[in-house]
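Please examine the protein shown below.

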Amino acid sequence: MEKGARHRNNTEKNHPGGSQSETSPDTGSGGGGVALKKEIGLVSACGIIVGNIIGSGIFVSPKGVLENAGSVGLALIIWIVTGLITAVGALCYAELGVTIPKSGGDYSYVKDIFGGLAGFLRLWIAVLVIYPTNQAVIALTFSNYVLQPLFPTCFPPESGLRLLAAICLLLLTWVNCSSVRWATRVQDIFTAGKLLALALIIIMGVVQICKGEYFWLEPKNAFENFQEPSIGLIALAFLQGSFAYGGWNFLNYVTEELVDPYKNLPRAIFISIPLVTFVYVFANVAYVTAMSPQELLASNAVAVTFGEKLLGVMAWIMPISVALSTFGGVNGSLFTSSRLFFAGAREGHLPSVLAMIHVKRCTPIPALLFTINLLFPIIYLLFWAFLLVFSLWSEPVVCGIGLAIMLTGVPVYFLGVYWQHKPKCFNDFIKLLTLVSQKMCVVVYPEMGGSSEMEMTNEDMEEQQQPINQPSASKDKDSVEQSQP
């Protein structure tokens, strides 16, 4: 109890706008304050992984692997191998998740293992490039496929595309701000929708095979090269396949909201990665039963072309399926990225208001508005090291630009995080801005000591946390401890 009192007193001194003790006891996790609720069960955990991996790519342009592989047979092998490699990496990541049970995923692990600067650079590139562009592209893809049936003979107007994309982002931001349960239900529903659409594609492929339409699956035809294979092209094919499996790590961004993460985190991975691998491989098998490799490579939307060939008057199902898939993808990206920004603010690497949650809904509204065996990790690291070296060799300018963008975070880190003794006027301005933001969003800092499984993590975090808008908290903590009887 004495330790809890010290924590609350330290929170009152360091966090403008009040402490957690002012809120209703039933919103907390046992300590009388608000906290992130553990509302993500096994089904929703699988929905997050599958929903974030399966985006519009498998519907629109799964041709990157085929184009570089040079034959149908080799392309299918690459889809299977990249699925296995992804499973290996995901299992290693699950072990990290239960060893460091903090939300934030990559950022939290990089910061704890390699230090503050490395963690900040990971966060910086996510804030500056990865999530804003990712969410904008997915939302624009959604609006394009929703409006496409209304403009069958021409392209939809740019203004309409942007307006609908903005509405999509605003609607899903509101859902995520309102309730974690609502957000996970949306994810579950739209993940089920995209799996049903892919199941339809696979079933149509099976029907085609039963009709004898399997010319490109016969071994002599499957491995017939339509271009000369090379190590460089095969490496690019693996890279394209690995990108298609991207998103398998997103469940680790919400570890603190996962029910029994020590069991459900690895279980969700065991279920989700094989499911996605199965769907990807057999969806590609289905595509080549209706299209030749040349037709597939020429198509701008493979699933739509597939539907036009086989579904007849029901071909509209495919554009709608792509739209549903991308809508769920936007929701998953918003849900997980907000927890990344929340974790970064909690560690002092972003403005502290982003580490607050709503007093009743227990959702990180400011962050949303801001929007194994050692052999396994060694194999996974060697695989990606090869792809990284090859990328640097084949595209040095593009890789150099990406590295330069990331390194722009170095001066920001030293000015905003490392430099603790900032001018008083700057600290006062940030505190005022934080207080105004708190009142607008009705948020406070979450209770950090309510869960027994997080006690050690929270103690370490208190020692490391140096918020961007205030001086070191260690002096305050020492003074509080000395004042205790």
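## Basis of the model

This is a predicted model, in which local features need pLDDT of at least 70 and side-chain atom pairs count only at pLDDT 80 or more, while totals for chains, interfaces and linings use all residues. Residues are numbered from 1 along each chain as its sequence is written, and side-chain values use heavy atoms, with hydrogens and water left out.

## The largest cavity

A cavity is a set of points on a 1 Å grid over the protein atoms alone where a 1.4 Å probe fits but cannot get out; lining residues have an atom within 4 Å of a point. The largest cavity has a volume of about 70 Å³, volume being the space filled by probe spheres set on the points.

Its lining includes Pro62, Trp79, Asn284 and Leu296. Helix H5 contributes the most, with 4 residues. By class, the lining has 9 nonpolar residues, 1 polar and no charged.

## The second largest cavity

The second largest cavity holds about 40 Å³ of space. Among the residues that line this cavity are Ile48, Asn52, Gln187 and Phe335. The lining divides into 3 nonpolar, 5 polar and no charged residues.

## Ser242

Ser242 lies in helix H11, residues 231–244; a helix is a DSSP run of H or I with at least four residues. Ser242 counts as buried because its relative accessibility is 9%, and buried means under 20% relative accessible area with a 1.4 Å probe, protein chains only.

Leaving aside residues up to four places away in sequence, Ser242 touches Thr82, Phe383, Trp384 and Leu387, where contact means heavy atoms within 4.5 Å.

Methods. Helices (H or I, at least four residues) and strands (E, at least two) are DSSP runs, numbered from the N terminus. Buried means under 20% relative accessible area, exposed over 50%, partly exposed in between (1.4 Å probe, protein chains only). On a 1 Å grid over the protein atoms alone, a cavity is a set of points where a 1.4 Å probe fits but cannot get out, and a pocket is an open set with protein on both sides within 12 Å along at least five of seven lines; lining residues have an atom within 4 Å of a point. Ala, Val, Leu, Ile, Met, Phe, Trp, Tyr, Cys and Pro count as nonpolar, Asp, Glu, Lys and Arg as charged, and the others, Gly among them, as polar.
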